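Student: I would like a close look at one part of this model, the charged side chains and how they pair. Please take me through it slowly.

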Amino acid sequence: CNEVYKKPRYLPCYHTYCEECLVNLQRDSTITCSKCNKSATVPAGKGAKGFSNNFFFQRIVDELELNGKLKSGERIKCNLCKEQRQASSWCNDCSAALCDDCCEFHKNAVQFDEHDLKTFEDITSNIKITRTVKCDELELNGKLKSDERIECNLCRKKLPALSWCNDCSAALCKDCCEFHKNAVQFDEHDLKTFVDIKSNNTHIK
């Protein structure tokens, strides 16, 4: 659909689609992946909803949407309380915006003990900081020549990076690269694998 993912789910071939797009691709009890042409059997009685959720992609979509709202100054409502009070924090594990009261409950409830909470103020200040600490061109080329481990600049998992986006000036792991390729907002971005960069013996732009 060339839109931002809505309810992303992945097929057995690991390619990800919106839930609605999977419904549109279904023919009888089969879906053929438009990216690799592999066929998948639709889970009986469940339809497209039977395929696994891609929580990683959903988390990135949620964060992109949140960052957009924070930059525009749009009012963000709490996702947890019925009053829908003004939100002031974000829980990465719940992918939810929280007001002050819900945030306080979150911090004190044992079931949320390991959850990653951030205030909107921390998030917006971190966006500015991360732009200045990403690998630059010379640093990346030096690391590639020495076979030094390079971590993904986008996800919090710090997975090994395999590709480089010239437009973002960022190293990407396999999952972030796949999201980059399929997200409409990154449609024109220039992606190169580290293998291609090393084999061509070229510097990043």
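What is the relative accessibility of Arg-85, and does that count as buried, partly exposed or exposed?

Tutor: Arg-85 counts as partly exposed because its relative accessibility is 31%, where buried means under 20% relative accessible area, exposed over 50% and partly exposed in between, with a 1.4 Å probe and protein chains only. The model is predicted, so local features need pLDDT of at least 70 and side-chain atom pairs pLDDT 80 or more, while totals for chains, interfaces and linings use all residues. Residues are numbered from 1 along each chain as its sequence is written, and side-chain values use heavy atoms, without hydrogens or water.

Arg-85 pairs with Glu-83 in a salt bridge (a side-chain nitrogen of Lys or Arg within 4 Å of a carboxyl oxygen of Asp or Glu), with 3.7 Å between the closest N and O atoms; Glu-83 itself is exposed, at 53% relative accessible area. The structure holds six salt bridges, and another of them joins Asp-116 to Lys-118 at 3.0 Å, where Asp-116 is partly exposed at 24% and Lys-118 is partly exposed at 25%. Salt bridges with shared partners also bring Glu-83, Arg-85 and Asp-101 into one network.

A further salt bridge is formed by Arg-9 and Glu-19, whose closest N and O atoms lie 2.9 Å apart. This pair links distant parts of the chain, 10 residues apart, with Arg-9 in strand β1 and Glu-19 in helix α1 (residues 19–25); helices (H or I, at least four residues) and strands (E, at least two) are DSSP runs numbered from the N terminus. Arg-9 counts as buried at 10% relative accessibility, and Glu-19 is buried with a relative accessible area of 11%.
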